[in-house]
Amino acid sequence: MLAILTALIPVFLVIGLGFVLRRRGFPGEEIWAPLDQLNYYVMFPALLLHTLATANLSDFDVWPMAGAMAAGQLSMVLVLIAGRRLYPMKGPEFSSVFQGAVRWNSFVALAAIASLYGPDGLTLAAVAVAVLVPIANTMSVMALTRYAMGLRSDPIALGKLLAKNPLLIACVVGITLNATGIGLAEPLAVTAKIIGAASLTLGLLAVGSGLRISNVIEEKWAVIYTSILKLVGMPLLMMAFCILFDVNGLPRHVVLICAAVPGATSSYVLARQLGGHMELMASIITGGTILAVVTIPLMLWIFGQ
């Protein structure tokens with residue numbers, strides 16, 4: 001347990017630094033949005049591209065791991081739909097709870113995995129991005145379209161959205177370069193490595209800068225409900241499928257961390273674009289991130305043996 005805490009504390013300290021910097025107004029309110037865009041569209045894709053293109057994926061059987069993650073994430077969708085009968089709420093509120101329970105913070109996950117398991121763990125985490133991001137984005141857009149906007153989902157629009165996602169593009173290109181044996185030329189590999197090196201730090205700072213603690217108390221019941229589903233329910237579901245698909249060792253540990261991290265901060269942006277409850281979404285992200293300081297080490301202690 002001490003080793004787990006030692007590895008994870010720096011991750012949450014960087015998140016805390018982001019929170020403090022923004023509250024202190026340093027280096028200026030206007031800098032956070034451009035930094036977030038730079039990281040999302042350039043630095044993080046570079047990290048994924050380099051990791052997947054240069055990794056020796058033959059060292060791991062990634063298909064059972066991918067199946068466990070996909071099954072766990074889709075099972076949570078069913079849990080949420082069934083749970084709405086027990087915890088009724090309006091459409092926009094439900095769409096925010098949905099995003100909070102289904103989406104995952106890849107910056108926190110990759111930073112934690114890199115700290116705990118090094119390059120091999122980071123390679124498997126990049127594979128997790130390729131599996132979980134399209135499911136999370138597709139399900140979240142469908143939920144917002146139906147429950148927040150009251151419209152039917154457009155498969156063509158969904159396809160266009162996924163085709164433009166920079167993380168998915170980087171994963172597809174990286175895996176293709178690896179699988180075909182083409183690889184990355186040395187100058188390009190070094191360039192991608194340099195660009196991607198700053199990604200996790202900037203991502204964690206951005207997570208901290210986006211925390212809005214003042215609203216959490218007002219929405220406490222929805223925050224608690226969503227946090228239980230995301231921080232406890234999702235790890236339980238994915239660990240059950242790991243057992244079913246015989247996922248063990250490092251792949252199982254990576255699945256556990258990807259399941260146990262809080263919801264993605266980008267959920268707020270999607271809620272704003274598609275008519276979701278933005279204030280509730282911000283509260284869910286903040287509350288989940290704070291609680292994850294306790295729950296991630298706990299989940300690793302229980303299931304990571």
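In this predicted model, the charged end of R212 is placed over the ring of Y268, 4.7 Å from the ring centre, where a charge sits over a ring if NZ of Lys or CZ of Arg is within 6 Å of the ring centre and within 35 degrees of the ring normal. R84 likewise lies over the face of F94, at 5.0 Å from the centre of that ring. Because the model is predicted, local features need pLDDT of at least 70 and side-chain atom pairs count only at pLDDT 80 or more, while totals for chains, interfaces and linings use all residues. Residues are numbered from 1 along each chain as its sequence is written, and side-chain values use heavy atoms, with hydrogens and water left out.

F94 also belongs to an aromatic cluster, which it forms with F98 and Y147. In total the structure holds six aromatic pairs, a pair being two rings of Phe, Tyr or Trp (its six-membered ring) whose centres lie within 6.5 Å, with planes under 30 degrees apart counted as stacked, over 60 as edge-to-face and the rest as tilted. One of these is the edge-to-face pair of Y87 and Y225, with 4.7 Å from centre to centre and 80° between the planes. Y87 lies in the loop between α3 (62–86) and α4 (91–102), whereas Y225 is in helix α10 (residues 220–244), so this pair ties together parts that are 138 residues apart in sequence. The helices named here are DSSP runs (H or I, at least four residues; strands are E, at least two), numbered from the N terminus. Y87 is partly exposed, with a relative accessible area of 26%; buried means under 20% relative accessible area, exposed over 50%, and partly exposed in between, with a 1.4 Å probe and protein chains only. F241 and F245 form a tilted aromatic pair, 5.9 Å centre to centre with 40° between the planes, and F245, at 32% relative accessibility, is also counted as partly exposed.

Helix α10 also holds S227, which is buried, with a relative accessible area of 6%. S227 and P262 are 35 residues apart in sequence, and their C-alpha atoms are 7.7 Å apart in space. Both residues take part in lining the largest cavity, together with G100, T226, K230, L231, G263, M281, I284, I285 and G288. On a 1 Å grid over the protein atoms alone, a cavity is a set of points where a 1.4 Å probe fits but cannot get out, a pocket is an open set with protein on both sides within 12 Å along at least five of seven lines, and lining residues have an atom within 4 Å of a point. The largest cavity has a volume of about 70 Å³, a volume being the space filled by probe spheres set on the points, which are joined across faces, edges and corners. Helices α10 and α13 each supply at least two residues of this lining.

Turning to the open spaces, the largest pocket has a volume of about 1,400 Å³. Of the 46 residues that line this pocket, D36, Y40, S266, V269 and L270 are the closest to its centre. The elements that give two or more residues to the lining are α2 (32–54), α5 (106–148), α6 (155–163), α7 (166–180), α9 (199–209), α12 (266–273) and α13 (278–303). The lining comprises 25 nonpolar, 13 polar and eight charged residues.

The second largest pocket has a volume of about 170 Å³, and the residues that line it include L47, H50, P119, L122, K193 and G196. Two or more residues come from each of α2, α5 and α8 (186–197), and the lining has five nonpolar, five polar and one charged residues.

How values were computed: Nonpolar A, V, L, I, M, F, W, Y, C, P; charged D, E, K, R; others polar.
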